[in-house]
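Here are some notes to read alongside the model. Please keep the structure open while going through the points.

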Amino acid sequence: PGTAFRARMRAGELALGSNLRLSRSAEAGPILAACGFHWVMIDFEHSPASPHLAHDIALSAIRAGLLPMARPSGHDPREIAGLLTNGALGLVVPHVDTAAQAEAVARAARFAPRGALSVPGTLAHFGYGTGLAEACAIFNEEVVVTVMIESRTALANVEAIAAVPGVDGLFIGASDLLWDLGLPGRYDAPELQEAVERTGAAAARNGLFAGMGGPRDEGPWRGFLRAGMRMILTENDLSLMMRGARDRRAFFEGA
Ligand code: 3PY
Ligand code: MG
């Protein structure tokens, strides 16, 4: 699934995903795959996700053809190792503000010689028939490492962050970035569009892909897509559920 995701990015296609804040079931990935989505993000920053369930969710997502990404709560290499060696095949690392931080998380996400990930007895991602050495080599190619640009500091350093080997994509956290810019919730602010263009350009110059999450409204998204955003966090499972529930209520109240 990492390779398929990369192929979409190389072709300039969209990859649609959702973060899982509410879904704690291995059905989440297959359900979103059936809806034509391409990735899920198991969210350890903003939900009470459990490593135990993350394992089941990630492996079932892989079997459904989705890229299972995990958002760790921070940059701790031990947390990253636990998520990746137990099923996740990608990272969305929050609040990466400097090139040094980006370098550390990129190394934490790969086995030697490209990184410092500790070798487990088995690696379940590619089926149990794949030997460990081969599985680790495949993993190093497949794992997708994205770093979140979501502060003024990160934006000031975005060109240096984009040049770090082992970083595959830049991912803008629009909500946090707007907060840090003193424009909370203003997804239509020209400052955000400028930040998206700068990040998209830094990604393109370094052969990376770019993506983002944040707004629900379609208006701002048009500008973001024009600026090259391709890995799209459409919305989270909680807001998808609320929107669906409100639609149904409106229908039955009006019927
Ligand atoms: C943000 O918008 O800050 C995010 O982290 C997206 O989930
Ligand atoms: Mg954020």
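1. Strands S1 (residues 15–20) and S2 (residues 39–43) run parallel and share four bridges. Strands count as paired here if DSSP finds at least two bridges between them. Strands are DSSP E runs of at least two residues, helices are H or I runs of at least four, and both are numbered from the N terminus. Asn19 faces Met41 of S2 across the pairing.

2. This is a predicted model; local features need pLDDT of at least 70, side-chain atom pairs count only at pLDDT 80 or more, and totals for chains, interfaces and linings use all residues. Residues are numbered from 1 along each chain as its sequence is written, chains are lettered from A and ligands numbered from 1 in the order written, and side-chain values use heavy atoms, leaving out hydrogens and water.

3. How many of the five residues of S2 are buried? Five of the five are. Buried means under 20% relative accessible area, exposed over 50%, and partly exposed in between (1.4 Å probe, protein chains only). In a regular strand, side chains alternate between the two faces of the sheet. On S2, Trp39, Met41 and Asp43 are buried on one side, and Val40 and Ile42 are buried on the other.

4. The magnesium ion (ligand 2) is coordinated by Glu150 (OE) and Asp176 (OD), at 2.1 to 2.2 Å. Glu150 sits in the loop between strand S5 (144–149) and helix H7 (152–156), while Asp176 belongs to helix H9 (residues 174–180), 26 residues apart. Donors are N, O and S atoms within 2.8 Å of the metal (3.2 Å for Na, K and Ca); water is not among the atoms, so the site may look incomplete.

5. Asp176 is partly exposed, at 28%.

6. Ligand 1 is surrounded by Arg71, Met148, Glu150, Gly173, Ala174, Ser175, Asp176 and Leu233, each with a heavy atom within 4 Å of it. H9 gives the largest share of this shell, three residues. An oxygen atom of ligand 1 is 3.1 Å from a side-chain N or O atom of Glu150. Another such distance, 3.0 Å, leads from a ligand oxygen atom to a polar backbone atom of Asp176. The protein covers 89% of the 230 Å² of accessible area that ligand 1 has on its own (Shrake-Rupley method, 1.4 Å probe).

7. Arg10 lies in helix H1 (residues 2–10). Arg10 is exposed, at 66% relative accessibility.

Note on methods:
A polar contact is a pair of N or O atoms within 3.5 Å; within protein, one must be able to donate a hydrogen and the other to accept it, and residues adjacent in sequence count only if both atoms are side-chain atoms.
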